[in-house]
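Thanks for coming, everyone. I'll take you through this one quickly, so please have the view open.

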Amino acid sequence: MTQFARVTWNAVALLAALAVLAISPSRAEEPVKIGVVLPYSGVYASLGGEITQGLELGFETYGPEVAGRAFELITEDSEVKPNIGLSKVKKLVFQDKVDLLVGPVASNVANALRDFVHQQKVPLIIPNAGNNLLTGERCSRWVIRTSFSNAQITRGMGPWLVEKGYDSVYLIAADYAAGHQMMDAFRETYTASGGSIIGESFPALRGTKDFGPFLAQIKAAEPKAVFAFFAGGQAIQFVKQFDEFGLKDTIKLTGAGWLTSPLYVDAQGPAAAGILGILNYVPGIDNQENQAFQEAYQAKYGRVASEFAVQGYDTARLIVEALSQTGGDTSDKDAVVAAMHDVSFDGPRGPLTIDPATNNIVQDIHIFETSPGDDGMALNVIDTLSAMQDPPNGCTL
Amino acid sequence: MMSRETWRAGTAILLLVAALVSWVRADYFGHELLTQIAILAIFAMSLDLLAGFTGMISLGHAAFYGLGAYATAAFNLMLEWSPWAAMAGAVVVGAVAALIVGSFAVRLSGVFFIMVTLAVGEALHAYLFKSRAFGGDDGLSGIARPDTSSIGISFDDPAVFSLVCVGFACLIYALLELVVRSPFGRLLVAIHLNPSRVRALGCPVSRYKLAAFTLAGAIAALAGSLTAQHNAFISPELLTWTTSGEALIVVIVGGLGSLVGAAAGAGVMVLAMHHLSGVTDYWMFFMGLFFVGVVLFAGNGIYGVIDAVRRRLGGAAH
């Protein structure tokens, strides 16, 4: 055998040995282990980062330990891919043996995780994904949501707009499950209150960058208001193009509050002024908890906390308060979930509880209007719909 | 000098032994990884038949993978077929779809073939992303694994299921090895090397390519079907062109036209992804570097290195 062959054989043997090692078990214990599966790469990477920072600040503020047990966060990148997310959660449960799971951001990933955590009976606390079914038809005792359901966000806007005199609207939303669920909930309460919907458009989620054709249809339909749902890059473009098209003078732009999220409202510039939004959190909410939260967050991370950060922050607080009720015991998962049902506290968003009928959060929903302020666009709360609670929607826990 | 085929089979047996040793030593999660590796290996080997042997670089191979997963879900959840029947049905669906797509795609070559396969994959992805009946972007869940409680084992046990997937991977390897050793397989390689000459010899080139395309589609659908049962969940994500691209990377890292290299590449890919992503958020960057490194320095990937050993040994004997 030549030198080269021997080296290569050694390399092959080493590779095989590595493969064997790589699949071997590992263990450790003591602190409360929390498996965090969020996107740290891909389109939602910034959301995953915000939620993680909110979680860390939350555990710092309300922890750092409960009944002598510290918190250990084990983070995994879901890549916004359902299969990857599921495989990461299996790793967290089987290999790291986490006590609780937090995640994900996107509903398609949440759907992939649901059956697995349901079978394994490991509590999964969702800090963002809003699909109605997760706390509706497909609810599980082991899936708790601290963020929102899509319907919960938009349902309150229907009667409110009619009351303010906007009795005809045009609906426009990105063409995927979240867009349709938000519009369905709005449509139901809006028409029940006597408003009329005079047109609907669902542009493709990916690839729609030019909203011109849709804006032309809106212009022709002459509604008093538009109710929209877009997020991220699409929200930036839609708001800008709505203004450039000259629609802002005659038609009021309203929508689910992600249209002008603090994450990118400054990128939208003056086009973002005078927009009505509805959301579970805006940085300008006037209460002590929120002031303290924003101060701590800005001191630590140097920027305003968004609605995503607050969802992480409240998730951490829910976990801390529930575990302090069980005396730090995480072995009886059923008791942990029961304790979560008993927890209620005033967070930055206002009073929060977990609905024992659906495991969805019960929270205030805020209606706000944007106006240019001294340092960038301000999101001013003009009305608050208190304790919005979802109907069971086919959920039996 | 040992023949190329014998050396390949020997490597395959070595891989199988490594897989079995891992299986014995692995915990729950290890079995999950092994399942992922086995399924990716099946998918990558089917692509290797196209890209490595026949010279058809497809960027839409995930369409058949995803179609297999969706067909399994549809047959199992909507028509309530048994998981075995759904799996068989999925393979048929994959084969038929590949036959249809292939009947026009195989007439093209080079960049045109790449573009057509890419377009077909993206079109199917766009359809499933919007289709309410198949769950749209939310996907479908609850796909069952075969019920084998009558013989006392449960496919829901990750240990059993991973072994089943490794078994499938071995079967597919054996099948493809038979195919590429047959006169049919030799002709595919000939078409790869010099299509004009093969045509001049009076051989219906397109029909041979179509047969390979159909077989690859059917095998990809089998991998998709196993994935659907493994995750009990499907979503349009399975059909994106990046899924095809990842499979192509696995084949290239493993070594084009070697079958067993694709399987080894699948192992490297899954393990590297799992371990790197635990270490750094920028793991994709390092995967990219690794890929560039392999292409630049390892010639024909992992199997290229293994095959070089064979040639050295042969050289030493003279």
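Start with Glu32(B) and Lys90(A). Their side chains meet in a salt bridge, at 3.0 Å from N to O. Keep in mind that this is a predicted model. How many salt bridges does the rule find across the interface of chain B and chain A? Three.

Helix 13 of chain B gives the largest share, seven residues.

Now the totals. In contact across the interface are 45 residues of chain B and 43 residues of chain A. The buried area between the two chains is about 3,900 Å². Carbon and sulfur atoms give 61% of that.

Stay on chain B for a moment. Look at Val92(B), Val96(B), Ile100(B) and Phe104(B). Together they make a nonpolar surface patch of about 370 Å². Take Ile100(B) from that group. Ile100(B) sits in helix 4 of chain B, residues 83-105. Is Ile100(B) buried or exposed? Its relative accessible area is 51%. The cut-off for exposed is over 50%, so Ile100(B) counts as exposed.

Back to charges. Over all chains, the structure holds 25 salt bridges. I'll pick out a few in chain A.

First up, Arg303(A) and Glu50(A). Their side chains pair at 2.9 Å, N to O. These two residues are 253 apart in the chain. Arg303(A) is in the loop between helix 11 (288-301) and helix 12 (307-325) of chain A, while Glu50(A) is in helix 2, residues 45-62. Their surroundings contrast. Arg303(A) is partly exposed, at 34% relative accessible area. Glu50(A) is buried, at 2%.

Next, Asp390(A) and Arg155(A). This salt bridge is 2.8 Å, N to O. Why does the pair tie together parts that are 235 residues apart in sequence? Because Asp390(A) lies in the segment after strand 15 (376-388) of chain A, and Arg155(A) in the loop between helix 5 (150-154) and helix 6 (157-163). Both residues are buried.

There is also a network. Glu76(A), Lys91(A) and Asp96(A) are joined by salt bridges that share partners. Within it, the side chains of Asp96(A) and Lys91(A) meet at 2.8 Å, N to O. Asp96(A) and Lys91(A) are both buried.

Gln363(A) is in strand 14 of chain A, residues 361-373. Its relative accessibility is 0%, so Gln363(A) counts as buried. A polar atom of its side chain lies 2.8 Å from the backbone oxygen of Ser147(A). Beyond its sequence neighbours within four places, Gln363(A) has contacts including Phe148(A), Asn280(A), Arg349(A), Leu385(A) and Met388(A).

Then Val66(A). This one is in strand 2 of chain A, residues 65-66. At 4% relative accessibility, Val66(A) is buried too. Which residues does Val66(A) touch, not counting those up to four places away in sequence? Phe71(A), Val320(A), Leu323(A), Ser324(A) and Gly328(A). For scale, Val66(A) and Phe368(A) are 302 residues apart in sequence and 37 Å apart in space, C-alpha to C-alpha.

Last, the backbone. Most residues other than glycine have a negative phi, and most peptide bonds are trans. Here are the exceptions I'd check.

A cis peptide bond joins Gly63(A) and Pro64(A), with omega about 0 degrees. Pro64(A) is in the loop between helix 2 and strand 2 of chain A. Another cis bond joins Gly103(A) and Pro104(A), with omega about -10 degrees. Pro104(A) lies in the loop between strand 4 (100-102) and helix 4 (107-120) of chain A.

On to positive phi. Val80(A) has phi near 55 degrees. Val80(A) is in the loop between strand 3 (69-77) and helix 3 (82-95) of chain A, and is buried at 12% relative accessible area. Asn393(A) has a phi of about 50 degrees. Asn393(A) is in the segment after strand 15 of chain A, and is partly exposed at 40%.

That's my tour. Over to you.

Key. Residues numbered from 1 in each chain as written. Chains lettered and ligands numbered in written order. Predicted model: local features only at pLDDT ≥ 70, side-chain atom pairs only at ≥ 80, totals over all residues. Heavy atoms only, no water. Patch = residues over 30% accessible without salt bridge, like charges linked within 9 Å, V, L, I, M, F, W, Y side chains within 5 Å. Areas by Shrake-Rupley, 256 points an atom, 1.4 Å probe, with all protein chains shown as cover. Salt bridge = Lys/Arg side-chain N within 4 Å of Asp/Glu carboxyl O. Helix = DSSP H or I, 4+ residues; strand = E, 2+ residues; numbered from the N terminus. Buried < 20%, exposed > 50% of the residue type's maximum accessible area, 1.4 Å probe, protein only. Contact = heavy atoms within 4.5 Å. Buried area = accessible area lost by both parts, 1.4 Å probe. Polar contact = N/O pair within 3.5 Å; in protein donor to acceptor, adjacent residues only side chain to side chain.
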